[in-house]
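Here is a walk through one protein chain, from its overall form down to single residues. Keep the 3D view open as you read.

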Amino acid sequence: VNLPNNPNGYYISWHRCCRNAGIANVNAPGSSGYVFYAEIPNPVLQNSTPVFSKYPDAYMCAGYDNIDNFVASDPDGDSLVYSLTVPLDCATNNICNINPAPGPAPAPYTTIPWQAPYSFTNIMGDPAMAVNSKTGIVTTKPPTQGKFVFCVRVEEFRGGVKIGEIRRDVQYAVLPCQIPSVNITGPNPLCLGQTTTLTAAGGTNYI
């Protein structure tokens, strides 16, 4: 879509209801909606939005350390800062509770209501869940199986001034996993001309 230049910019929003009714960390997810929006500034700013890398695999292993990559790139070379944030719900007039496919509405938007015992500081039952502010790497060790939502925000800075942000609102399934174990008997690290032995358990095929 080509839009004519507008020094006042543009504001675009799209709302939908509802989230997956099986989500564990959202109160009444079946009546909690999504909002996607974009603010297009004055073209004089000459800015391109940061872009997330490929969509994550959206599953984690319960009881294990999980590492997920939410890195983004910026074609303008602006500085990017990553953080966790609360996923957005629909606008304050509860339009998603009335219509599963409501029309657009301006900000401010509400945020999802957390289902106890989960909260923004305990999103997946792991209070230590975090995102590296420089790399976009999310680390967590969720203790419980289920479906969970969280949101990663990328803020864009130029010359120390924030000029934009993007968000990725995701649903992850925490699954029971049996992760193979590998042991090394012999030299480690291995140098040219040496031999060592690898033993593995917990899998069916090995390469």
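Predicted model: local features only at pLDDT ≥ 70, side-chain atom pairs only at ≥ 80, totals over all residues.

The chain has 15 strands and one helix. Its C-alpha atoms fill a box of roughly 70 × 40 × 30 Å along the principal axes. How does the radius of gyration of the chain compare with that of a compact globule? A compact globule of 207 residues would come out near 17 Å, but this chain has 22 Å.

Now look at burial and surface. Of the 207 residues in the chain, 33% are buried. The accessible surface comes to about 12,200 Å². Carbon and sulfur atoms own 56% of that surface. Contacts tell us about the fold too. Take the contacts with a separation of 6 or more: 66% of them are between residues 24 or more positions apart.

Next come the cysteines. How many disulfides does a search of the whole structure find? It finds two. One joins Cys61 to Cys177, with the sulfur atoms 2.1 Å apart. The link is left-handed, with -85° about the S-S bond. This pair links distant parts of the chain, 116 residues apart. Cys61 is in strand 4, residues 59-61. Cys177 is in the loop between strand 13 (161-175) and strand 14 (181-185). Are these two cysteines buried or partly exposed? Buried means under 20% relative accessible area. Cys61 has 11%, so Cys61 counts as buried. Cys177 has 25%, so Cys177 counts as partly exposed.

The other disulfide joins Cys17 to Cys18, with 1.7 Å from S to S. Here the angle about the S-S bond is 60°, and the link is right-handed. Cys17 is buried at 15% relative accessible area. Cys18 is partly exposed at 31%. Look at two further cysteines as well. Cys151 is buried, with a relative accessible area of 2%. Cys191 is partly exposed, with 48%.

Charged side chains make another kind of link. Side chains of opposite charge can pair when their charged atoms come close. The structure holds six salt bridges. Find Arg158 in strand 12, residues 146-158. The side chains of Arg158 and Asp76 meet in a salt bridge, 3.6 Å from N to O. Asp76 lies in the loop between strand 6 (72-73) and strand 7 (79-85), so this pair ties together parts that are 82 residues apart in sequence. Arg158 also forms a salt bridge with Asp78, and here the closest N and O atoms are 2.8 Å apart. Asp78 lies in the loop between strand 6 and strand 7, so the pair ties together parts that are 80 residues apart in sequence. Asp76 is partly exposed, at 33%. Arg158 counts as partly exposed, at 29%.

Another salt bridge pairs Arg167 with Glu165, their closest N and O atoms 3.3 Å apart. Arg167 has 30% relative accessibility and counts as partly exposed. Glu165 has 28% and counts as partly exposed. Which residues do salt bridges with shared partners join into one network? They are Glu155, Lys162, Glu165 and Arg167.

Move to the surface. Val1, Leu3, Ile12 and Ile40 form a nonpolar patch there. Together they have about 410 Å² of accessible area. Leu3 is found in the segment before strand 1, which covers 10-17. At 41% relative accessibility, Leu3 counts as partly exposed.

Ala173 lies in strand 13. At 22% relative accessibility, Ala173 counts as partly exposed. Leave out residues up to four places away in sequence, and Ala173 touches Ala58, Tyr59, Met60, Gly146 and Lys147. Ala173 and Asn20 are 153 residues apart in sequence, with their C-alpha atoms 12 Å apart in space. Ala107 sits in the loop between helix 1 (95-98) and strand 9 (109-111). Ala107 is partly exposed, with a relative accessible area of 43%. Ala107 and Phe148 are 41 residues apart along the chain, and their C-alpha atoms are separated by 25 Å.

How values were computed: Residues numbered from 1 in each chain as written. Heavy atoms only, no water. Patch = residues over 30% accessible without salt bridge, like charges linked within 9 Å, V, L, I, M, F, W, Y side chains within 5 Å. Areas by Shrake-Rupley, 256 points an atom, 1.4 Å probe, with all protein chains shown as cover. Salt bridge = Lys/Arg side-chain N within 4 Å of Asp/Glu carboxyl O. Helix = DSSP H or I, 4+ residues; strand = E, 2+ residues; numbered from the N terminus. Buried < 20%, exposed > 50% of the residue type's maximum accessible area, 1.4 Å probe, protein only. Rg over C-alpha atoms; globule rule 2.2 N^0.38 Å. Contact = heavy atoms within 4.5 Å. Disulfide = S-S within 2.5 Å.
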